[in-house]
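My entries follow in the order I made them.

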Amino acid sequence: IDEFLGNKKNIKDVKFLRLNSDYHYILAAALIESNKMLKMREMLIKKYPETQQIVDAVEGIFLKSFRPTGNALKDCGFYKKYLNFDIDDWGNMMSAQLIVADDTMKDFVRRSTVDAEIGIPKMMDIYGKFFEILIPMINLIRMGVELKKGNSSPKALYGVAKNINILKSDPDCGSLFGCLDEQIRHSDAHASIRIDKVTRKVFLIDARSGKEKIVRVYTFDKLMDILNTMNNEFFPVFYPTLVLFDIAMLYLLLVSREY
């Protein structure tokens with residue numbers, strides 16, 4: 001469909017005739033897939049009700065930002081202009097990491113008690129991997145926020161820190177991005193963590209200059225709250241939410257007069 005819409009001359013190309021003959025099958029496939037994603041997301045929200053806020057915020061941003069005209073054909077093209085990553089590949093990466101993270105959490109349960117010097121770095125490792133996978137999604141949401149604010153041509157790519165700052169400064173949904181901390185991601189990647197079990201504090205260190213510098217200090221409770229929010233609520237909800245929006249855009253296109 002994307003290829004077909006990419007050039008007006010394609011309407012005369014016989015290789016696209018199946019878009020017509022298989023029209024109802026394509027429509028049914030979209031509805032079946034959306035139903036599957038909706039059930040997945042509902043199960044997650046039932047387990048972690050706090051995720052509903054994230055879903056509502058992200059869907060609100062997407063609906064206000066990526067459907068500017070009400071013309072399904074134009075809106076679909078506008079949305080695809082900003083979607084600069086492959087959703088299927090991205091979903092596969094997410095699924096692979098969720099399996100690994102789930103195995104680590106099951107291991108924690110089997111061991112009953114886990115020393116902080118083992119448990120915290122392992123949890124931070126999961127956080128860091130999840131964070132890396134979310135980077136293109138964070139960038140997409142940032143562009144959506146800027147479009148919502150009236151910037152008709154947001155920059156296609158910002159660094160992670162700038163993306164996060166823009167999202168956190170949004171008055172409508174900034175608080176929902178509180179679990180995004182680039183220092184946790186960096187400290188895990190560079191193994192720059194100091195754990196003090198006496199004071200129950202974690203020191204995040206930047207030693208890239210050759211001299212250690214403490215860039216963040218967290219209590220055990222606060223850090224675990226951030227890690228758990230990312231691992232259980234923030235990360236898992238994004239794939240079904242994006243897929244549902246993507247399918248909704250496709251469905252609106254398929255049933256539109258313009259298509």
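I call a residue buried under 20% relative accessible area, exposed over 50%, and partly exposed in between. The model is a predicted one.

**Entry: aromatic rings**

I looked up Tyr 82 first. Its relative accessible area is 6%, so Tyr 82 is buried. I then counted aromatic pairs and got 14. One of them joins Phe 78 and Tyr 82, with ring centres 5.1 Å apart and planes at 65 degrees. Angles over 60 degrees count as edge-to-face, so this pair is edge-to-face. Phe 78 and Tyr 82 sit four residues apart in helix H5, so about one helical turn separates them.

**Entry: helix H4**

**Entry: salt bridges**

I counted 18 salt bridges. I checked the one between the side chains of Arg 41 and Glu 59, at 2.8 Å from N to O. This pair links distant parts of the chain: Arg 41 is in helix H3 and Glu 59 in helix H4, 18 residues apart. Arg 41 is buried, with a relative accessible area of 9%. Glu 59 is partly exposed, at 23%.

I also checked Glu 3 and Lys 15, whose side chains meet in a salt bridge of 2.9 Å, N to O. That pair too links distant parts of the chain, 12 residues apart. Glu 3 belongs to helix H1 (residues 2-5), and Lys 15 to the loop between H1 and helix H2 (18-21). Lys 15 has 52% relative accessibility, so I noted it as exposed.

Arg 18 bridges to Asp 22, with the closest N and O atoms 3.1 Å apart. Arg 18 is exposed, at 57% relative accessibility. I noted one network as well: salt bridges link Asp 107, Arg 110 and Arg 111.

**Entry: positive phi**

Most residues other than glycine have a negative phi. Ser 112 has a phi of about 70 degrees, and it is not a glycine. I placed Ser 112 in the loop between helix H6 (87-111) and H7. Is Ser 112 buried or exposed? Its relative accessible area is 63%, so Ser 112 is exposed.

Arg 200, also not a glycine, has a positive phi of about 55 degrees. Arg 200 lies in the loop between strand S1 (193-196) and strand S2 (201-206). At 43% relative accessibility, Arg 200 counts as partly exposed.

**Entry: nonpolar surface**

Which residues make the nonpolar surface patch of about 310 Å²? I found Leu 31, Tyr 251, Leu 252 and Val 255. I looked up Tyr 251 in particular. Tyr 251 is in helix H10, residues 220-254. Its relative accessibility is 32%, so Tyr 251 counts as partly exposed.

Methods: Residues are numbered from 1 along each chain as its sequence is written. This is a predicted model: local features need pLDDT of at least 70, side-chain atom pairs count only at pLDDT 80 or more; totals for chains, interfaces and linings use all residues. Side-chain values use heavy atoms; hydrogens and water are left out. Patches are made of residues with over 30% relative accessible area and no salt bridge: like charges are joined within 9 Å, nonpolar side chains (Val, Leu, Ile, Met, Phe, Trp, Tyr) within 5 Å. Accessible areas come from the Shrake-Rupley method with a 1.4 Å probe; for residues, only the protein chains shown count as cover. A salt bridge is a side-chain nitrogen of Lys or Arg within 4 Å of a carboxyl oxygen of Asp or Glu. Helices (H or I, at least four residues) and strands (E, at least two) are DSSP runs, numbered from the N terminus. Buried means under 20% relative accessible area, exposed over 50%, partly exposed in between (1.4 Å probe, protein chains only). Rings of Phe, Tyr and Trp (its six-membered ring) pair if their centres lie within 6.5 Å; planes under 30 degrees apart count as stacked, over 60 as edge-to-face and the rest as tilted.
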